[in-house]
Amino acid sequence: MTEKQRQGVIWGLEPEHRLLALAWITAVLLGLALVIGLWTLLKARRATLLKATLKELLTDRTLLEEEDK
């Protein structure tokens, strides 16, 4: 591998375009992180294990409140 091939994407660009390329790469990576984070949160909220656990907690709470009466 030559020295120029090892420099990477940013350093391979003309100096006047490096900042713009860095900004675009940063924006794309942040956008992907947000999309994947939101997708993960939505999947977690829809998870059946979580719903079953919440249902069990509600049942336990109801039983405990009935015992206190």
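**Exercise 1.** Is Arg61 buried, partly exposed or exposed, and at what relative accessibility?

*Solution.* This is a predicted model: local features need pLDDT of at least 70, side-chain atom pairs count only at pLDDT 80 or more, and totals for chains, interfaces and linings use all residues. Residues are numbered from 1 along each chain as its sequence is written, and side-chain values use heavy atoms, with hydrogens and water left out.
- Take the cut-offs: buried is under 20% relative accessible area, exposed is over 50%, and partly exposed lies in between (1.4 Å probe, protein chains only).
- Arg61 has 54% relative accessibility, so Arg61 counts as exposed.

**Exercise 2.** Which residue forms a salt bridge with Arg61?

*Solution.*
- A salt bridge is a side-chain nitrogen of Lys or Arg within 4 Å of a carboxyl oxygen of Asp or Glu.
- The partner is Glu65; the closest N and O atoms are 3.2 Å apart.
- Arg61 and Glu65 are four residues apart in helix α3, so about one helical turn separates them.
- Glu65 is partly exposed, at 41% relative accessible area.
- The structure holds one salt bridge.

**Exercise 3.** How many residues of α3 are buried?

*Solution.*
- Helices are DSSP runs (H or I, at least four residues), numbered from the N terminus.
- Helix α3 covers residues 48-68, which makes 21 residues.
- The number buried is zero, so α3 lies largely in the open.

**Exercise 4.** Where in the chain is confidence lowest, and where highest?

*Solution.*
- pLDDT is the predictor's confidence in each residue, from 0 to 100.
- Helix α1 (residues 3-6) is lowest, at a mean of 62.
- Helix α2 is highest, at 92.
- The chain averages 85.

How values were computed:
Helices (H or I, at least four residues) and strands (E, at least two) are DSSP runs, numbered from the N terminus. The expected span of a helix is 1.5 Å times one less than its number of residues.
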